[in-house]
Amino acid sequence: CSIAATLNIIGDRWSLLILRDVFRGGHRFSEIQADLGIAKNLLSDRLSRLVEHGLLERVPYQARPVRYDYCLTAKGADLSPALIALMGWGDRWYATEGAPTVLIHEHCGQPLEQAVRCPSCEEIVSPGQIRSRPGPGRNKHVK
C-alpha cells in the first residue's frame with residue numbers, strides 16, 4: 001500500500017514538522033531545532049532519515065567546522081500537496097479561532113484552495129466521486 005509506505009518514512013510528528021519548516025525556508029539544523037523545540041538527537045535522527053530516503057539533501061554552507069543546509073529534493077517537494085491537505089484538515093476541524101496560517105499565491109496575494117481535478121475533463125472531483133481500481137503495481141511484491 002502506497003499510504004503505508006509513505007507513512008513508514010514520514011508518518012511521525014517530527015518528520016512532518018521538519019518538512020513543514022524546510023518548506024517555510026528553515027534550512028539549518030539550528031533554525032529547525034529552535035523553531036520546533038525538538039531534542040537535538042531526535043532532530044539529527046529525523047534529518048538523517050529524510051536525507052536517506054531522498055526527501056532532503058545536505059548541502060555544505062561552511063567548511064570549518066562543516067555545517068549543512070537541508071534542502072528539499074524534487075521527491076521532498078512533491079509532498080507539498082499532502083502537507084497542505086493535512087493543514088487544511090487541521091484548520092477545518094481543530095482551528096476553532098480560525099486558521100493560524102493562511103497560504104497565499106505569491107503573485108496576487110489571494111488565499112489558495114486545494115482541489116482534486118480530473119486531468120481529462122478538468123472538473124473538480126469531490127471525495128464521494130472518487131473510486132479506485134487495481135493499478136499496475138498491485139501484487140508485484142507477492143511471490
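## Close-up views of a predicted model

**View 1. Helices H2 and H6 cross in this predicted model.** The axes of helix H2 (residues 13-23) and helix H6 (residues 80-94) come within 11 Å and cross at roughly 110°. Angles of 65 to 115 degrees count as roughly perpendicular, and H2 and H6 are therefore roughly perpendicular to each other.

**View 2. Here are the residues where H2 meets H6.** From H2 come Leu-16, Leu-19, Arg-20 and Phe-23, and they meet Ser-80, Leu-83 and Leu-86 of H6. Sorted by class, this contact of H2 with H6 has five nonpolar residues, one polar and one charged.

**View 3. Strands S1 and S2 pair up in antiparallel fashion.** Take a look at S1 (residues 56-62) and S2 (residues 67-72): six bridges join these two strands. Val-59 stands opposite Asp-69 of S2. To get from S1 to S2, the chain passes through a hairpin of four residues.

**View 4. Stepping back, the whole protein has six helices and two strands.** Along the sequence, the pattern reads α-α-α-α-β-β-α-α. The protein has a radius of gyration of 18 Å, well over the 15 Å that the globule rule gives for 143 residues, so it is more spread out than a compact globule. Along the principal axes, its C-alpha atoms fill a box of roughly 55 × 50 × 30 Å.

Key: Residues are numbered from 1 along each chain as its sequence is written. This is a predicted model: local features need pLDDT of at least 70, side-chain atom pairs count only at pLDDT 80 or more; totals for chains, interfaces and linings use all residues. Side-chain values use heavy atoms; hydrogens and water are left out. Two strands pair if DSSP finds at least two bridges between them. Axes are lines fitted to C-alpha atoms, for helices over the stretch in contact, and angles run from 0 to 180 degrees between N-to-C directions. Angles under 35 degrees count as roughly parallel, over 145 as roughly antiparallel, 65 to 115 as roughly perpendicular and the rest as oblique. Contact means heavy atoms within 4.5 Å. Ala, Val, Leu, Ile, Met, Phe, Trp, Tyr, Cys and Pro count as nonpolar, Asp, Glu, Lys and Arg as charged, and the others, Gly among them, as polar. The radius of gyration is taken over C-alpha atoms; the globule rule is 2.2 Å times the number of residues to the power 0.38.
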